Amino acid sequence: RCCPQRRSADSTMVEAMDTDAPAPAPAEEEPAAPPDPASLYRADIRSAQASVERFVTSREPRFAQAALKLMACLRKAGLAAASPTQPVLAAAIASAFGPSHPLRERLLAALPPPAAEPEAADAAGAEGKEGGEAKKRPLLPEMELILELLVLLALIDGGKLPVALSLADALLERVASWNRRTLDPFAERAYFYSSWAYEKAGKIEAVRSRLLAAQRTSCLHHNTACQATLLNLLLRSYMSAKLFVQADKLLAKSAFPEQASNGQLARYLYYTGRIKALQLEYSEAHRCLLQAQRKAPQSSSKAVGFKLSAHKLGAIVQLLLGEIPERAVFRASSTRAPMRPYLKLVQAVRTGDLAAFRDAMAEHAAVFAADGNAALVLRLRQNVIRAGLRNVSLAYSRIHLSDAAAKLALDTPGDMESIAAKAIRDGVIDATIDHEAGVLISSGSADTYSTLEPQAAYHKRITFCLNLHNDAVKAMSYPPDAHKGDLPDADAIKERQREEQELAEALAEEDEF
């Protein structure tokens, strides 16, 4: 054996030699292997199940939101790699659903064969050592609904719409058979995706009666989440079938819940704005569409399609109101190309160029029809004619009606007289018509300061300032809560009550003696 002194000396010498020698080159680290999609998918399912169990136990909404976010992640994973994840989903359904479950065979038939669990052998060995098989926990209806929705989404994304419709029917019947308040956030997604499956198959009218029944039930149960979603789905169903009168009646007889999410509120405001615009209520439509744009996610990467649809419809409604939309809507990088057809409409309406309006209509008719705005765009023709007639009235003091029709490029010049008369009656132009000579005579531009308009404006401003001064004087004379200083505080009241009680006791003792 070496003594400690010799061992320390040898170690010191070795360290010195290592210090003097050049350090070896570090070995190149091997790149980490990419994670297995199947393993990540399996872990997300387990995390969703844990979140659902915690939600059912604690009734805290954040756990339900976490489970729904995981369901969205599972769907994205299935879209990115369909082959390795669908067998994992089938294995999860085979292990969670009992043999007597009514949807087990239907769900497994819609998916590839189940994948083998990698932990199955280890788990079986551990259970054998313990001497028995552990009892499985019962499957919660909330987790069952999540697994069924994942299968439904896989069928919809895969284009298997007939199988998806049959599964959606069974899913709606399954949801209607339960009466659990913890199921409300997940039932909302079930109604939404089932309606989406019917819409992609072109049979959205077939599910409308079920949605109406579910809407009535959700109102009776004060189910805010399902109530808001079902109302939007019904409005979308009516609008897709061009049943705008029924949609307006539904709006009049139903109230949107105040506790609904911003996403559902934005959809509701957008649908309301479209319905009001088609019923010529442009002011209310503009208000609803403006609120929908504000309630939508402000991030440039979220809800791009919804915000684009709201901007397109809002631009048309503003033109119908006689206003010009802001340029920022057309200059944004994300909306510049899709909004180009509507920019041409705005330019035609602003300049009153009927020929440019016709060219824009003919060139982008397919775009307007695909957006569902073709009927509203046709109404802009009158606005273009009015804008052009206003420009002509300002440019010419006297002009023949035929010349005005030629400048406006009217299809039927004989209608020029009636168009000019209507514009004069509506106050668009200040002019008169000489019917015998067929001449439009424009009135001279009146001096605004020769009228009472400046006086009315000054009077309005002076009244506002006087009212503001009076309110300020009143606030200084009577400051808020000034009377509370004269009131006794709680300690003084208690002291007075104590003294009164002592005096009463003293009087009672004197009476006894």
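Helix α21 has 16 residues, which at 1.5 Å a residue should span 22 Å; the C-alpha atoms at its ends lie 23 Å apart, in agreement with that expectation. The model is predicted, with a mean pLDDT of 79 for the protein.

**Helix α21 and its partner α17**
- The axes of α17 (residues 340–351) and α21 (residues 380–395) come within 6 Å of each other and cross at roughly 40 degrees.
- The two helices, α17 and α21, are therefore oblique to each other.
- On the α17 side, L345, A348, V349 and T351 take part in the contact, and they meet L380, N383, V384, A387 and N391 of α21.
- Sorted by class, this contact of α17 with α21 comprises six nonpolar residues, three polar residues and no charged ones.
- The buried residues of α21 are L380, N383, V384, I385, A387, G388, L389, V392 and S393.

**Residue R236**
- R236 belongs to helix α11, which covers residues 224–240.
- With a relative accessibility of 35%, R236 counts as partly exposed.
- Leaving aside residues up to four places away in sequence, R236 touches E199 and Y271.
- Between R236 and Y271 there are 7.3 Å in space, C-alpha to C-alpha, although they are 35 residues apart in sequence.

**Confidence of the prediction**
- A pLDDT of 70 or more is reached by 84% of the residues.
- Residues 1–23 have a pLDDT below 50, and this stretch has one contact beyond near neighbours in sequence.
- Residues 120–134 also have a pLDDT below 50, with three contacts beyond near neighbours in sequence.
- Where pLDDT is low, predicted coordinates should not be read in detail.

Terms used. Residues numbered from 1 in each chain as written. Predicted model: local features only at pLDDT ≥ 70, side-chain atom pairs only at ≥ 80, totals over all residues. Heavy atoms only, no water. Axes fitted to C-alpha atoms, helices over the stretch in contact; angles between N-to-C directions. Helix = DSSP H or I, 4+ residues; strand = E, 2+ residues; numbered from the N terminus. Parallel < 35°, antiparallel > 145°, perpendicular 65-115°, else oblique. Contact = heavy atoms within 4.5 Å. Nonpolar A, V, L, I, M, F, W, Y, C, P; charged D, E, K, R; others polar. Expected span 1.5 Å × (residues − 1). Buried < 20%, exposed > 50% of the residue type's maximum accessible area, 1.4 Å probe, protein only. pLDDT = per-residue confidence, 0-100.
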